Amino acid sequence: MGTTLNLSSVIVMSYPDTSPWDITPKLHNLDPERLEPCPGFSNKQVLDLIAPPARDQAKKAGKNPFYFMCGDNPLLLDHPDAAAAAEVPLQGYTEPMPLQQVDAQPFSLLSMLSEEDEPAIAALLVRVLFEGGERRVLKMYFAHEWTSTADDAAHRFSTEAAAYSHFVRFGACESRVVPKCYGWMELDRDALTTALDGSADLPAWFHGRITRSFESGCGVRALVLEDLSGAEPLSIHNISRETAIKIMQSLHRVHSSFVLHGALDRRRILIVPGEDRVVWVGFSHAKCGSTLPSRRELLHELAQLWSLVYEKLLPDALIGLEDDDVGRSLWDRPMIVPWTATGRALVRRPLTANIRDEIKAVLYSYPVKNLFDWDPPIYNLAPAVKDDDQYDTPELISAIFKVKRNQLFDNPFYRWYGTCPLTDPFPPWTPGLPKSWGSYKVPDSLPEILPATKVEILRCVDVYARHPMFKVRLDGEERLLKVFCGGWPKSEDEGAVAESRNDLTPVKKEYFAEVSAYAHLLQYGACEAGVVPRCYGWLYLSPQQITVANGAIARAYIQTKTSASLTREAPTFVAPIFNDGGRTTGIVLEYIPNAQALSLHNISPSRAELVLRAFARIHAAFVVRGDYRNTNNILLVEGSPDRIVIVDFGQAENPVPPRRMPAFLSELGRVWRMMYWEMVSRYVLIKQPFSTSSLDIHPAIVQAAAS
């Protein structure tokens with residue numbers, strides 16, 4: 001299993017010497033396994049419904065609505081220090097001999113390979129047959145002055161000739177990822193005119209170009225290349241998962257020859273049917289030799305290719321979209337993560353020499369070091385807000401709803417926000433895990449609130465809570481009292497009181513877990529940070545307080561009992577003792593008015609980030625929350641700014657020993673996936689429909705839901 005952490009800062013320092021495919025552990029998503037938005041999407045019945053409106057939307061918006069289906073680009077450079085360090089030229093380079101000039105030979109023209117409507121082009125491709133019987137391709141260049149750097153044709157010829165000299169020297173030609181090059185030749189005017197006379201394939205302007213070139217005294221030069229008969233430009237019709245991998249690996253082989261292609265375009269990538277071969281052509285914009293590319297430039301081009309293949313061509317192939325301009329902004333962009341200083345006191349993320357050191361330095365420093373405090377930030381830990389949904393059309397949404405109702409797939413947009421970066425590839429016993437928490441100190445016990453303290457129970461806050469909760473007034477201050485006891489459930493006839501439940505021991509365990517958790521949260525600043533309620537201590541409940549509490553529960557139950565709630569379980573009343581004879585206890589917490597449970601009704605990307613930061617702050621107190629999927633225990637207090645409060649630590653594990661360190665990463669990763677794949681995910685309504693009347697939802701979704 002590979003790590004999902006962005007490792008580009010390590011990769012760039014050894015690229016192209018080290019192939020990204022040879023890295024251990026495996027680089028996540030270098031070769032994406034899933035080539036559809038969600039399981040079942042490639043079903044013909046699904047595509048027949050969704051592909052037409054998806055194509056229409058893509059042409060209007062300039063982006064395939066499913067561009068993200070293959071996941072995150074793992075080669076985006078996310079560290080400015082690595083970018084700067086990788087600007088230096090490649091090491092171990094020896095410039096090859098110039099490309100060999102070969103004697104001109106008589107030939108006959110077989111066909112013209114370039115477009116016929118390009119009278120201004122600097123070069124022309126023709127397929128020829130030499131007298132010796134060899135079929136070759138000549139790439140002819142027409143210059144006015146071969147020694148002038150200002151002459152476009154002369155410059156392109158010298159650039160491409162230099163690139164092929166590198167391919168011959170460093171083995172790319174032998175690896176067959178570029179055409180085999182036999183050298184270059186100076187074409188004789190008479191021989192060229194004889195070969196081309198009478199050819200119906202030549203455009204009218206071509207003879208004029210030849211005449212002008214020779215009259216200027218420059219003549220015509222040509223590269224002699226392998227004839228790739230039957231080769232087709234890369235397109236949505238010939239791309240596949242296997243081909244995509246070969247395309248990526250073949251560009252790495254080009255880079256290993258110290259050559260930057262410089263003009264990335266699908267039409268310069270040829271697929272040779274029947275040979276299982278990918279060939280790169282068109283190196284007139286290459287960078288090599290005296291303009292040796294840096295490691296950063298080479299990795300940048302590989303990252304662009306990844307986006308061209310996995311964010312453009314494969315998604316386009318899925319919906320049958322043929323338009324080179326749609327989605328160009330995805331791959332033809334700087335492949336470095338935007339980064340700006342925040343002004344906060346952050347920890348500079350170190351540059352490391354290898355993958356394992358990077359993982360240990362970043363992931364294995366957690367939770368002692370907050371993952372949100374790294375500078376630059378961990379890529380996609382807090383995904384940038386996306387606005388693709390503004391382009392969504394009612395036609396596409398209606399088609400998706402229709403397919404969803406037929407249960408042919410789940411939410412096709414669940415990976416809209418990419419991949420969680422926190423997958424840990426090493427088992428817990430991996431050498432290098434910390435042996436101890438150097439900063440850990442056993443916290444002081446929670447203070448007991450003495451019986452003399454005046455406690456006034458005002459009302460029951462949640463009549464159906466597992467542990468009864470009350471709004472109370474403690475010495476004149478409003479607080480929340482959470483009571484732990486066995487409890488007496490109502491009997492089925494709603495009259496008699498049933499015997500005490502036999503789950504008292506687990507309840508008491510929950511009490512001790514919560515008391516210990518709040519002791520840690522208090523000492524390590526989580527309460528002060530506001531990500532959990534402030535805790536004021538614990539108390540024993542007197543018989544009189546228990547009576548008042550049960551009365552409050554009964555009143556709340558009667559007030560909330562409606563025909564719709566008859567099927568709900570009866571409330572839990574406060575019992576005087578635990579089954580071991582211990583007295584009923586409660587924890588006094590901060591009372592948070594106007595708090596609401598986080599849900600699909602009020603979630604947003606910024607609030608999802610607040611949830612993750614809250615969990616990170618809890619983990620810094622050496623507490624694993626547990627029961628993270630219950631969003632009723634994630635409270636939102638709306639305001640400027642919003643506040644997220646995590647409550648209920650009855651299932652918490654604390655303190656977590658160092659050998660259980662991966663438990664922190666595991667929980668934070670699960671919370672990330674719950675937030676961004678299940679709640680913030682575009683069109684989560686497809687996955688869990690609910691009333692849209694009170695929600696601020698894109699009108700297209702409302703219209704689709706109504707239909």
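Me: Is D648 buried, partly exposed or exposed?

Reply: This is a predicted model, and the answer is read from the relative accessible area. D648 is partly exposed, because its relative accessible area is 23% and the buried class ends under 20%. D648 is placed in the loop between β20 and α16 (662–679). Its backbone also deserves attention: phi of D648 is near 70°, a positive value in a residue other than glycine.

Me: What is the phi of R176, and where does R176 lie?

Reply: R176, which is not a glycine, has a positive phi of about 70°. The residue belongs to the loop between α4 and β4 (181–187). With a relative accessible area of 38%, R176 is partly exposed.

Me: Which peptide bonds are cis?

Reply: Omega is the angle to read here. The bond from D375 to P376 is cis, with omega near 0°, and P376 is found in the loop between β10 (374–375) and α11. Another cis peptide bond joins S640 and P641, where omega is about 5°. P641 sits in the loop between β19 (634–637) and β20 (643–646).

Me: How is a pair of aromatic rings described?

Reply: The description uses the distance of the centres and the angle of the planes. In this structure, a search of the whole model finds 27 aromatic pairs. One of them is formed by F68 and F413, a tilted pair with 5.9 Å centre to centre and 40° between the planes. This pair links distant parts of the chain, 345 residues apart: F68 is in the loop between α2 (44–61) and α3 (80–85), and F413 is in the loop between α11 (394–405) and β11 (455–462). Both F68 and F413 are buried.

Reply: A further case is Y164 with F283, an edge-to-face pair at 5.9 Å centre to centre and 80° between the planes. Here too distant parts of the chain are linked, since Y164 belongs to helix α4 (residues 152–170) and F283 to the loop between β8 (277–280) and α8 (295–319), 119 residues apart. Y164 is buried, with a relative accessible area of 1%, and F283 is buried, at 0%.

Me: Which residues do ring pairs link into a cluster?

Reply: The cluster consists of Y414, W416, Y417, W672, Y676 and W677. Charged side chains may be read against rings as well: K386 lies over the face of Y417, at 5.9 Å from the ring centre. R136 lies over the face of Y182, at 3.8 Å from the ring centre.

Me: How many residues does the largest nonpolar core have, and which have the most contacts inside it?

Reply: The largest nonpolar core has 165 residues, and W280 and M675 have the most contacts inside it. The largest share of this core, 13 residues, comes from α8. Beyond its neighbours within four places in sequence, W280 is in contact with residues including V177, I247, L264 and L305. A second, separate core of 24 residues includes I449, L474, L539 and F573.

Me: What is the volume of the largest cavity, and what is that of the second largest pocket?

Reply: The largest cavity has a volume of about 130 Å³. It is lined by 13 residues, of which T4, L5, N6, D72 and P74 lie nearest its centre. The second largest pocket has a volume of about 1,000 Å³. Among its 34 lining residues, L113, S114, L125, R267 and V281 are the closest to its centre. β2 gives the most to this lining, with four residues.

Conventions: Residues are numbered from 1 along each chain as its sequence is written. Side-chain values use heavy atoms; hydrogens and water are left out. Rings of Phe, Tyr and Trp (its six-membered ring) pair if their centres lie within 6.5 Å; planes under 30 degrees apart count as stacked, over 60 as edge-to-face and the rest as tilted. Helices (H or I, at least four residues) and strands (E, at least two) are DSSP runs, numbered from the N terminus. Buried means under 20% relative accessible area, exposed over 50%, partly exposed in between (1.4 Å probe, protein chains only). A charge sits over a ring if NZ of Lys or CZ of Arg is within 6 Å of the ring centre and within 35 degrees of the ring normal. A nonpolar core is a set of buried Ala, Val, Leu, Ile, Met, Phe, Trp, Tyr and Cys residues joined through side-chain atoms within 4.5 Å. Contact means heavy atoms within 4.5 Å. On a 1 Å grid over the protein atoms alone, a cavity is a set of points where a 1.4 Å probe fits but cannot get out, and a pocket is an open set with protein on both sides within 12 Å along at least five of seven lines; lining residues have an atom within 4 Å of a point. Grid points are joined across faces, edges and corners, and a volume is the space filled by probe spheres set on the points.
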